[in-house]
Amino acid sequence: MADNSGAGPTLVWFRDDLRLRDNPALTWAASRGPVVGVFILESPEATHARPLGAAAAWFQHKAIRGLHDELAAHNVPLLLAAGDPREVIPSLAAQLAGAVTWSRRYHQPFIDLDAHVKTALANQGTEAKSHSGYLLSEPWMIRTGQGTPYRKFTPFARNVEDFATGDIAENPPLDIPAGLHGPRDLELDYPEWELSSLAAEPAWTKKLQSHWEAGESGALNTLQQFVATLSGENLPASSAEVRLGYSDGRDYPAVTRTWVIGTIQ
């Protein structure tokens, strides 16, 4: 494993990829040496995006706490910042003096925001590298025979399935990066919000917690349950889910094999 620790740790900017496994950006960072993570509560003024609802914010906070604990087990700090990423990331990078990496986002206004961050980092001499970590395939990789984007979903879906099946066979999901570790000493002059600020939970979240398990471990558990349901494990022979199968059962939102796939995301 290469060691670029002399240039400072690599900053991993977590967004919708709050996980250690199957995270190309984190794997790339770990291959370079010490790692520091950061999650930013991006201001609506910067992103022009609608703020999260109460339930989504609760779920996100639970996932952040889980990521914090998972990284801490490898002595990797997770910085928690708030504000405009176009200011936060270059400021942190200037203090860390290392590279910055993240998983790509594919919709506006985040595309332009991330491009602005990458340009700002380049202007100050900091390496920035984005990775695929959100989709089965990059949007520009699936094309018709004429090299143009698909206009109909069914042929597009078939092409993606063929591509993903072959890609997964050749490139299986990544495990937690070998040798993942943080810097020995980290001194930053930057205000952070604390995990303790996420402690207050309204009473209505108790019911959510009985149905949803946030974070990477929750997603893995849900995936295992989904696969077991597809194979008919732990289901009575008379179960409607066994009779329907996924291809037909997906038309019925109430059956487990239909709604549970959304939880994995």
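**Note on the predicted model**

1. Confidence. The protein has an average pLDDT of 81, and 78% of its residues score at least 70; pLDDT is the predictor's confidence in each residue, on a scale from 0 to 100. As this is a predicted model, local features need a pLDDT of at least 70 and side-chain atom pairs count only at 80 or more, whereas totals for chains, interfaces and linings use all residues. Residues are numbered from 1 along each chain as its sequence is written, and side-chain values rest on heavy atoms, with hydrogens and water left out.

2. Where to read with care. Where pLDDT is low, the predicted coordinates should not be read in detail.

3. Overall content. The protein has 10 helices and 5 strands. These elements are DSSP runs numbered from the N terminus, with helices (H or I) of at least four residues and strands (E) of at least two. Of the 265 residues, 36% are buried; buried means under 20% relative accessible area, exposed over 50% and partly exposed in between, with a 1.4 Å probe and protein chains only. Among contacts with a separation of 6 or more, 78% join residues 24 or more positions apart.

4. Helix H5. The 14 residues of H5 (residues 110–123) should span 20 Å at 1.5 Å a residue, and the end C-alpha atoms are 20 Å apart, which agrees; the expected span is 1.5 Å times one less than the number of residues. Its buried residues fall within an arc of 95° seen down the axis, so they line one face of the helix; the arc is that of the directions from the helix axis to the C-beta atoms. Phe110, Leu113, Asp114, Val117 and Leu121 are the residues buried in H5, while Asp112, Ala122 and Asn123 are exposed on the other side. The buried residues of H5 pack against several elements, including strand E1 (10–14), helix H4 (85–96) and strand E5 (128–131).

5. The ends of H5. In the loop between E4 and H5 lies Pro109, and the peptide bond from Gln108 to Pro109 is cis, with omega near 5°. Just after H5, Gly125 takes a positive phi of about 80°.

6. Asp114. Beyond its neighbours within four places in sequence, Asp114 is in contact with Trp13, Arg15, Trp102 and Arg105.

7. The largest cavity has a volume of about 80 Å³ and is lined by residues including Arg15, Asp17, Arg104, His107 and Tyr134. On a 1 Å grid over the protein atoms alone, a cavity is a set of points where a 1.4 Å probe fits but cannot get out, a pocket is an open set with protein on both sides within 12 Å along at least five of seven lines, and lining residues have an atom within 4 Å of a point. Grid points are joined across faces, edges and corners, and a volume is the space filled by probe spheres set on the points.

8. Helix H3. The 19 residues of H3 (residues 54–72) should span 27 Å at 1.5 Å a residue, in agreement with the 27 Å between its end C-alpha atoms. Ala57, Trp58, Ala63, Ile64, Leu67 and Leu71 are its buried residues, and they pack against E1, E2, strand E3 (78–83) and helix H7 (205–211).

9. Loop residues. Asn23, in the loop between E1 and helix H1 (24–32), is buried at 0% relative accessible area. Asp22 lies in the loop between E1 and H1 and has a positive phi of about 50° although it is not a glycine. Leu180, in the loop between helix H6 (153–170) and H7, is buried at 7%, and its C-alpha atom is separated by 7.8 Å from that of Val76, 104 residues apart along the chain.

Methods
Contact = heavy atoms within 4.5 Å.
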